[in-house]
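User: Please take a close look at one part of this structure and walk me through it. I would like the overall layout as a starting point, and then the residues in detail.

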Amino acid sequence: MARAKKPGQHLNCKVAQKEYDVLTKICENTGLEKTTVVEHAIRLYAQMQNGYTVDSNGTIHFNQTLDEILAAEKED
């Protein structure tokens, strides 16, 4: 019996061979699926950016106040 599909969006992108090889090696070493590794990578990238974190449920939590966010947008 196939497992239930989780709700989500398809992502189609072309990555450099070097990065794809890294992704494949991570999957081989951890036993995780590529989708799971990419989801973790996106979450970690978001957390590295100043301003917000993403929890395991995918909920975005802003660490900056609205005034700080607006001030940063004016600087760009």
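Analyst: Happy to. Helices (H or I, at least four residues) and strands (E, at least two) are DSSP runs here, numbered from the N terminus. Read in sequence order, the protein runs α-α-β-β-α, with 3 helices and 2 strands. This is a predicted model, in which local features need pLDDT of at least 70 and side-chain atom pairs count only at pLDDT 80 or more, while totals for chains, interfaces and linings use all residues. Residues are numbered from 1 along each chain as its sequence is written, and side-chain values use heavy atoms, with hydrogens and water left out.

A pocket is an open set of points on a 1 Å grid over the protein atoms alone, where a 1.4 Å probe fits and protein lies on both sides within 12 Å along at least five of seven lines; lining residues have an atom within 4 Å of a point. The largest pocket holds about 1,200 Å³ of space, the volume being that filled by probe spheres set on the points. Its lining consists of 28 residues, and Gln-9, Leu-11, Thr-35, Val-38 and Glu-39 are the ones nearest the centre. By type, the lining has 14 nonpolar, 6 polar and 8 charged residues (Asp, Glu, Lys and Arg are charged; Ala, Val, Leu, Ile, Met, Phe, Trp, Tyr, Cys and Pro are nonpolar; the others, Gly among them, are polar).

Helices H1 (17-30) and H2 (34-48) each give at least two residues to this lining, and H2 provides the largest share, with 10. H1 itself has 14 residues and spans 20 Å from first C-alpha to last, close to the 20 Å expected at 1.5 Å a residue (1.5 Å times one less than the number of residues). Just after H1 comes Gly-31, with a positive phi of about 80 degrees.

Leu-23 lies in H1 and counts as buried because its relative accessibility is 16% (buried is under 20%, exposed over 50%, partly exposed in between, with a 1.4 Å probe and protein chains only). Beyond residues up to four places away in sequence, Leu-23 touches Lys-34, Val-37 and Val-38, a contact being heavy atoms within 4.5 Å. Its C-alpha is 10.0 Å from that of Thr-35, 12 residues away in sequence.

Ile-26 is also in H1, and its 35% relative accessibility makes this residue partly exposed. Apart from neighbours within four places, Ile-26 contacts Gly-31 and Val-37; the C-alpha atoms of Ile-26 and Val-37, 11 residues apart along the chain, are separated by 7.9 Å. An α-helix has 3.6 residues a turn, so residues three or four places apart point the same way.

Of the contacts with a separation of 6 or more, 11% join residues 24 or more positions apart.
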